[in-house]
Amino acid sequence: MNSRQSTGRRRADVPDMPEQHGVDPRLHRMLEARDHTGEKRRWHLLDSGPWLAERGINPRGTLLAVHGNPTSSYLFRSLVREDIPWRLIAVDQLEMGWSERTGVRRRYQDRITDLSMLTDALSLRGPIVTVGHDWGGLISTGWALDNRHDLAGMILTNTGLHQEIAESLPRALQLATTPGFRTASTSLTDGFLRTTLSLSKPALPAEVQEGYLAPYRTRARRQGIDQFVADIPAGADHPSRPTLERVAEGVKELQVPTLLAWGPRDITFSDRFLRDILERIPHADVHRFEKASHLVWEDADLAGLVSAWLENTFGTAEQPREAASAWRPVSSFAEPTETQPIGAPIAQLAADPVHAQRAAVVELGGADGQGQEISWSLLNRRVDDIAAGLLGHGVRPGDRVSLLITPGADLTGVLYACFRIGAVAVIADAGLGLQGLTRAVIGSHPDWLIGINRALVGARAMNWPGRRISVEQLPTLDRTALGVETSIAQLARSGAMMRELGAPLDAPYPDPDADAAILFTSGSTGPAKGAVLTHRQLGAMFTAVGETLQLAPERGLVAGFAPFALLGPALGAPTVVPDMDITRPGELTAPALAEAIAALGRPAVFTAPAALRNILDTAGQLDAAGREAMAGAASFFSAGAPIPAHLLRGLRDLMPEARALTPYGMTECLAVAAIDLDGIEAAGEGSGVCVGRPVPRVEIAIAPMDDNGETTGEITIDPDVVGEILVRAPHVRDRYLMLWHTTRTAMRFEGWHATGDVGHLDDQGRLWVEGRAAHVLATADGLLTPVQVEEAAESVPVVRRAGAAAVGPRGTQQVVVILETEEGYRPGKAGRPRPAEPSLQEAVRRAVRERCGAEVVAVFTTRALPTDIRHNSKIDRAALSRWAEQTLRGEKADAL
């Protein structure tokens with residue numbers, strides 16, 4: 001059959017079928033097969049077998065793809081590609097798509113039987129991987145159970161395998177199944193179909209919407225949509241309920257490789273359905289596309305994920321692989337490290353007469369303005385009491401516990417109690433902002449949620465998952481309203497009582513390779529990712545940070561960046577959080593920092609990078625006692641973004657005895673490298689920010705990039721080679737939570753973690769960081785790293801900070817620079833950039849030209865560059881590039 005160009009032409013065997021956007025006409029196939037009634041029916045399929053044969057591709061197996069309601073085989077058109085050497089058989093179910101309208105009412109079991117009879121007619125044999133979406137997930141899983149002799153694997157996307165009778169249907173389905181409304185929206189009109197298409201944001205292109213609408217133009221052709229909605233087996237007496245129960249239980253027996261790909265913005269199949277499937281198929285690989293909705297096949301590069309998963313799981317036709325030996329995320333460091341249980345220093349110091357009554361946690365401010373100190377002895381007792389109470393209440397090893405507690409004694413006690421009993425602590429701090437925090441909590445699928453009152457109110461309002469425990473004992477009415485079962489205060493009392501009666505805390509210490517914590521990244525380059533660390537890896541991370549910061553019981557830690565407050569107890573270092581808004585670390589003031597330093601004497605001080613300038617700006621507010629306290633700091637650290645030397649010099653004036661150190665690392669691996677101010681000055685000028693040499697037990701290498709900014713697959717430690725920074729260490733995270741493809745991408749260099757940062761090593765083995773790999777500018781004159789451009793622009797005296805943006809296709813990108821100026825800067829007041837004054841434009845262009853050899857096409861100024869919420873320092877260069885693209889095309893761009 002020849003390819004046709006006109007979208008108005010019709011197929012002879014399906015007179016009503018127009019050409020479909022994105023579908024090679026040669027993929028269409030009509031086939032007759034008997035259905036469950038014994039009658040012959042005409043099925044429409046997309047069959048890529050001949051397409052693969054034309055290209056000389058020997059298929060590894062068959063993908064049997066089954067759509068849901070109200071879509072068709074058109075949903076799976078993206079699976080026809082040369083890097084997927086599998087034959088695609090995507091069916092239009094009977095009464096749907098371009099298959100026959102038979103007038104027969106089909107129940108769930110009927111559709112499973114129909115599909116089995118079709119595959120028999122096709123003489124399909126294994127290996128077969130089923131692909132199901134929506135209703136197609138239930139039907140393809142039923143087929144898998146009945147044809148397990150040919151089954152090699154399963155792929156499920158935004159579907160539900162079970163619905164408890166006591167559970168309410170999702171609101172969207174409650175409305176759709178309402179008598180009277182159902183038929184009006186599903187068959188009398190095409191409202192149900194158009195509503196489904198409208199869930200994707202941004203809107204689907206018109207030609208894609210047409211591909212979905214075309215098979216359902218008339219009421220007669222939409223009867224199948226109505227039937228599917230009517231067949232939702234919500235009640236115990238529904239005719240399809242027995243089949244639902246059979247399949248939902250039977251799937252637990254299918255020990256085949258399984259991929260779950262999910263769009264969490266789905267208003268129908270929310271994450272509670274994903275949680276249910278994971279309970280039934282716990283070995284499944286999972287990837288959540290954070291911005292995708294119900295039609296995840298349209299909203300994300302799902303075909304790319306499928307391609308990677310199939311290759312890693314089964315290999316190719318030329319190089320087959322047994323599924324059991326497929327890639328799985330593992331630690332990037334081959335040598336296991338001996339480690340004591342996390343939190344062991346708490347018990348050790350509590351037993352030490354010298355330290356037992358000394359402060360372990362210092363809280364400043366508080367409701368009464370007095371604050372409090374918690375000794376090592378009291379902290380140790382409280383951790384054991386809470387641990388015993390949690391076990392008594394039903395928290396079990398491996399349970400995920402989301403901790404929504406302000407840094408201080410309460411959070412410390414609960415966190416280390418979780419570590420003690422093997423519960424997995426989910427750490428998503430308020431610095432992510434409400435939207436980011438919501439995504440993190442829901443996406444981590446916690447079994448338990450322990451929070452302060454404000455967090456519990458939010459959890460109730462936004463229906464966050466997890467059984468709820470409050471920190472303080474609440475009145476009965478409040479407990480009922482918030483769905484709270486008990487409190488940490490009550491659990492601690494219960495645990496203490498059990499231990500006083502002689503019941504020991506006899507829970508074994510967790511296995512070193514069991515999950516310990518899920519730590520969320522800052523989300524500076526997209527939605528925050530959950531980095532999963534085992535007890536071994538987290539213990540190694542604590543050790544690396546403690547050695548780098550030289551922490552000890554005699555030298556405490558001022559945690560000016562709230563998440564660092566969690567480190568102190570694991571290292572035996574007393575900890576204090578300054579009196580500050582933990583959601584705005586950049587607003588830490590010099591007086592608040594001085595008060596925290598005074599509480600510990602000669603501590604190590606850690607702040608977010610964004611706080612440095614504000615500390616300097618507010619130094620004039622210090623009184624004599626504050627200046628004396630600041631001068632007593634033993635060391636000063638800041639990480640989260642590279643720190644310019646001039647800021648460290650300014651801090652040294654305030655803290656003259658402090659060693660000014662800037663460690664480099666990330667949530668996935670902290671620390672990686674470190675350098676002090678003397679080292680920065682010795683390194684001199686260079687491209688990027690020098691972050692020093694690797695800390696002990698860490699290796700650093702570079703993955704060179706080609707002219708389009710893509711890594712070449714090579715690894716080098718040669719000096720002056722720019723590329724993605726690779727790290728190997730015992731404290732690299734185990735995997736990203738429910739981000740299978742992201743984990744695989746980060747581990748694509750065997751044994752190494754690809755950081756996503758770009759930089760180079762110098763001839764002294766020092767690492768220079770030059771920005772994010774995703775933000776590299778691929779111009780016609782070669783690659784430019786963003787920090788190269790930004791440092792050049794910032795050499796202009798009036799420029800406070802610069803952001804580099806790229807416009808145009810990779811390989812020919814043009815450079816745009818957006819500036820904060822000293823005069824116009826307004827913290828937290830991002831707005832719509834304006835063209836810079838001509839003299840400033842020329843000065844910036846000249847600076848970039850002289851330093852980088854690149855031309856800048858436009859220069860703008862703004863009140864404040866957009867940065868990540870947590871650190872307030874990582875510039876959102878992707879947002880700058882989007883704004884610049886829109887502006888230079890003459891479109892109205894949103895404010896930054």
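Guide: Two strands pair if DSSP finds at least two bridges between them. Strands are DSSP runs of E with at least two residues, helices are runs of H or I with at least four residues, and both are numbered from the N terminus. This is a predicted model, in which local features need pLDDT of at least 70, side-chain atom pairs count only at pLDDT 80 or more, and totals for chains, interfaces and linings use all residues. Residues are numbered from 1 along each chain as its sequence is written, and side-chain values use heavy atoms, with hydrogens and water left out.

Visitor: What makes S32, S33, S35 and S34 a sheet, and in which order do they stand?

Guide: The 4 strands form an open sheet in the order S32-S33-S35-S34, with mixed pairing. Strand S32 (799-807) and strand S34 (834-835) each have a single partner strand, so they are the edges, and one side of each lacks a neighbour in the sheet.

Visitor: How do you know that S32 and S33 pair, and in which direction do they run?

Guide: S32 is joined to strand S33 (residues 814-821) by 8 bridges, and the definition asks for at least two, so the two strands count as paired. They run antiparallel, and Arg801 stands opposite Glu820 in S33.

Visitor: How many bridges join strand S11 to S12, and how do the strands run?

Guide: Strand S11 (residues 400-404) and S12 share 3 bridges and run parallel; the count meets the definition, so they too are a pair. Here Arg400 faces Val424 in S12.

Visitor: What makes both faces of strand S12 count as covered?

Guide: In strand S12 (residues 424-427), Val424 and Val426 on one side and Ala425 and Ile427 on the other are all buried. Side chains alternate between the two faces of the sheet in a regular strand.

Visitor: Where are cis peptide bonds found?

Guide: One joins Lys201 and Pro202, with omega about 0°; Pro202 is in the loop between helix H6 (191-198) and helix H7 (206-213). Another runs from Leu670 to Ala671, with omega near 5°, and Ala671 lies in strand S23 (residues 669-676).

Visitor: Why is the protein chain called as compact as a globular protein of that length?

Guide: The protein chain contains 30 helices and 35 strands. Its radius of gyration is 30 Å, close to the 29 Å that the globule rule gives for 896 residues, so the description applies. The radius is taken over C-alpha atoms, and the rule is 2.2 Å times the number of residues to the power 0.38. Of the 896 residues, 59% count as buried.

Visitor: What share of contacts joins residues at least 24 apart?

Guide: A contact means heavy atoms within 4.5 Å. Among contacts between residues at least 6 apart in sequence, the share is 69%.

How values were computed:
Buried means under 20% relative accessible area, exposed over 50%, partly exposed in between (1.4 Å probe, protein chains only).
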